[in-house]
Amino acid sequence: SMFMPIASPVVATKRMNMLSKGTEMSLKTVQQHFSDMEVLSLSGNFCSDKKPAAVNWIEGRGKSVVCEAVVPGHIVTSVLKTSVPALIDVNISKNMIGSAVAGSIGGFNAHAANIVTAIFIATGQDPAQVVSSSNCMTLMEPWGEGEDLYISCTMPSIEIGTVGGGTQLPAQAACLDMLGVKGPNENCPGENANMLARIVCGTVLAGELSLMSALAAGHLVRSHLRHNRSSTNTAPTTSNFHPSRPSCTSS
């Protein structure tokens, strides 16, 4: 058996249907020269689409983005309510050591998948591709004289596009338009998708900084209790449908 990875020049979309069509035509062309070649399956899973895999973490898939920022120490203290040394210590212990102990692949972050999922649903991406698109390594280091914080997020496999699929739905198209990346970029093909990937990575960085600060300051549970959406005063819904509940049975 032989696995044939297909590299695609498609830049504005990351749609598996389009890639599958191109792969099928490529295989038919190869078969014209090697008539005894048997195609067992169009997909051999080496692409590892919608499945956790080291290959996407190492070689990248879709868009590979690195986002970085320097946060002044006084902002860390006054706004994030913690300190630069505390953030760095928590990041090493949680995102690096904790993830390594768990045997994580691409999961060296606090909650990148939360942000990626929200943006994917809002902009018409394939939510199932959050599996590999949320691969992320969050790093924190002291900056300058050690008073400021350097933070970076490395995301090697953001599978994202601005053309086709759910990007054409009214609400999702409106979100893309609001971000200035709706549809193809006529002047620079693929640049809208590139920009959207940068937006994802930048937003992930902001989310990482927020959650890590809450953990370092011990505010996580308190904030959840304070902003718990289940306590919001919402109008009760009425329905004539009353599903039966499963009964307990002893084995």
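## Strands and their pairing

Two strands are taken to pair if DSSP finds at least two bridges between them, while helices (H or I, at least four residues) and strands (E, at least two) are themselves DSSP runs, numbered from the N terminus. On that basis strand 3 (residues 136-143) and strand 4 are joined by 7 bridges and run antiparallel, and within strand 4 it is Cys 153 that Thr 138 stands opposite.

The 4 strands make up an open sheet of mixed pairing, in the order 1-4-3-2. Strand 1 (63-71) and strand 2 (107-108) are at the edges with a single partner strand each, so one side of each has no neighbour in the sheet.

## Basis of the model

This is a predicted model, in which local features need pLDDT of at least 70 and side-chain atom pairs count only at pLDDT 80 or more, whereas totals for chains, interfaces and linings use all residues. Residues are numbered from 1 along each chain as its sequence is written, and side-chain values use heavy atoms, with hydrogens and water left out.

## The chain as a whole

The protein chain contains 9 helices and 4 strands, and, read from the N terminus, its elements follow the order α-α-β-α-α-β-α-α-β-β-α-α-α. Of its 251 residues, 33% count as buried, where buried means under 20% relative accessible area, exposed means over 50%, and partly exposed lies in between (1.4 Å probe, protein chains only).

Among contacts (heavy atoms within 4.5 Å) in the protein chain with a separation of 6 or more, 69% are between residues 24 or more positions apart. The protein chain exposes about 15400 Å², of which carbon and sulfur atoms supply 58%; accessible areas come from the Shrake-Rupley method with a 1.4 Å probe, and for residues only the protein chains shown count as cover.

Ser 157 belongs to strand 4 (residues 148-158) and, because its relative accessibility is 0%, it counts as buried. Its side chain is joined to that of Asn 135 by a polar contact of 3.2 Å, a polar contact being a pair of N or O atoms within 3.5 Å; within protein, one must be able to donate a hydrogen and the other to accept it, and residues adjacent in sequence count only if both atoms are side-chain atoms. Not counting residues up to four places away in sequence, Ser 157 touches several residues, including Asn 56, Gly 60, Arg 61, Ser 132 and Asn 135.

## Helix residues and a surface patch

Gln 31 is part of helix 1 and, with a relative accessibility of 30%, counts as partly exposed. Apart from its neighbours within four places in sequence, Gln 31 is in contact with Met 37 and Val 39.

Val 101, in helix 4, has a relative accessibility of 70% and therefore counts as exposed. Together with Ile 92 and Ile 97, Val 101 makes a nonpolar surface patch of about 290 Å². Patches are made of residues with over 30% relative accessible area and no salt bridge, with like charges joined within 9 Å and nonpolar side chains (Val, Leu, Ile, Met, Phe, Trp, Tyr) within 5 Å; a salt bridge is a side-chain nitrogen of Lys or Arg within 4 Å of a carboxyl oxygen of Asp or Glu.

## Two lysines in loops

Lys 50 is not a glycine, yet it has a positive phi of about 65°. Lys 50 is located in the loop between helix 1 (16-33) and helix 2 (54-59), and its relative accessibility of 34% makes it partly exposed. Lys 81, in the loop between helix 3 (73-78) and helix 4 (84-101), likewise has a positive phi, of about 60°, although it is not a glycine.
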